[in-house]
Amino acid sequence: MKKIIFFILTCFPFLGWSQTIPMFIGTYTNDSESKGIYAFDFNVKTGEIAMVATTPMVNPSFLARKDNIIYAVSEQGNNKGNLTAYSYSNGQFTTLNTVPTKGDDPCHVSVSPNKNLIAVSNYSGGSFVLYKLESNGVIGDLVDFVQHEGKGVDKIRQEAPHVHSAFFSKKGNEIFVQDLGLDQVSIYNLINPKKNDVSLHSDPAEVFTSAGGGPRHIAFGKKEHYMYVVLEMTADIAVYKRDGQDWLFHQSININPDGFAGKNGAADIKVSPDGKFIYATNRGDANTIGVFSIAKDGKLTKVANQPTLGEGPRSFNISPDGKFLLVANQTTNEVVTFARNEKTGLLKETGKPVRIPAPVCIIF
């Protein structure tokens with residue numbers, strides 16, 4: 001019995017013996033009352049969240065976590081974009097170090113599963129950058145900087161490359177880079193991904209999404225056989241199936257309810273922890289979250305479109321146990337918590353929204 005308990009606490013340290021786990025929210029501070037990054041205690045039994053601490057930072061629009069280290073991008077233009085590492089303990093943030101992102105308006109950050117690399121996407125800069133991570137969480141040496149070139153079919157939104165996110169594969173040996181401006185997912189192999197001399201292979205594979213779609217974020221099926229790409233400009237989910245080293249188009253399905261004719265702004269996409277459902281948000285005139293079941297062949301079937309009970313659902317996250325889904329409604333300055341039915345995938349509002357100025361990213 002002791003061995004079983006030790007295994008659970010080692011693999012799932014967020015559980016412990018407490019009803020609460022830490023949760024962090026990034027915000028926009030420009031034109032809002034936000035103070036920066038917010039830390040909360042999330043009650044895994046009730047879904048309630050209670051604020052614990054804040055730390056000042058300009059536009060910490062996206063966050064990532066490595067154990068007790070929080071990484072935040074400061075989304076600024078004019079070569080002011082940067083990435084900061086914070087140690088978080090006992091309700092206190094301590095700054096470790098800050099590095100430049102080498103591009104304008106960094107909007108996404110992710111940590112490698114091997115915990116030795118961090119990737120930052122520069123939206124306006126049309127580039128992404130890789131840094132090493134030291135064992136103590138400090139951001140280390142530059143590994144690589146990649147500048148995209150070109151443009152898409154939309155003369156206003158796709159006048160240049162716009163790298164919107166970069167996600168590592170589950171093994172940490174690949175990195176998937178989504179470019180809204182080029183309608184393209186670039187897949188780079190990492191050489192020696194677990195070692196100190198890690199490097200990026202210079203010749204990526206490329207997956208092209210529908211013209212004018214604008215790939216923003218991705219999610220993977222349980223065994224990474226299927227890739228789900230949310231297209232911001234058309235609010236579609238493009239599904240791709242892995243075939244050896246290739247990714248083949250498999251399906252396209254729209255987030256919106258039938259007959260919707262308003263403005264789109266699809267934002268985030270995530271797979272439930274049990275691998276049975278996909279959720280995707282659409283801002284614009286919709287302000288809904290689409291619920292989809294995942295079939296054995298990786299294809300999606302729409303279950304429902306549910307209102308996010310606010311405007312501008314920029315981001316959302318699912319609690320580690322899969323029982324709750326929290327939506328960051330940026331425009332209406334609130335985070336709304338939904339209880340998730342694990343059998344049907346449907347969401348039920350808990351009645352415990354929390355006011356937070358311009359929330360844009362939620363991580364556990």
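**View 1. The bridge between Ser110 and Ala119.** In this predicted model, Ser110 has Ala119 of β9 as its bridge partner. Strand β9 spans residues 117-122 and runs antiparallel to β8, to which five bridges join it. Strands are DSSP runs of E with at least two residues, numbered from the N terminus, and two strands pair if DSSP finds at least two bridges between them. Residues are numbered from 1 along each chain as its sequence is written. The model is predicted, with local features needing pLDDT of at least 70 and side-chain atom pairs counting only at pLDDT 80 or more, while totals for chains, interfaces and linings use all residues.

**View 2. The open sheet that contains β8.** Four strands form this sheet in the order β8-β9-β10-β11, with antiparallel pairing. Strands β8 and β11 (139-147) are the edge strands, each pairing on one side only.

**View 3. The largest pocket.** This pocket holds about 2000 Å³ of space. A pocket is an open set of points on a 1 Å grid over the protein atoms alone, where a 1.4 Å probe fits, with protein on both sides within 12 Å along at least five of seven lines; lining residues have an atom within 4 Å of a point. A volume is the space filled by probe spheres set on the points, which are joined across faces, edges and corners. Among the 47 lining residues, Arg65, Val111, Lys270, Asn317 and Phe364 are the closest to the centre. Strand β4 gives the most to this lining, with five residues.

**View 4. The second largest pocket.** The volume here is about 260 Å³. Of its 16 lining residues, the closest to the centre are Arg157, Arg216, Glu232, Gly265 and Arg283.

Methods. Heavy atoms only, no water.
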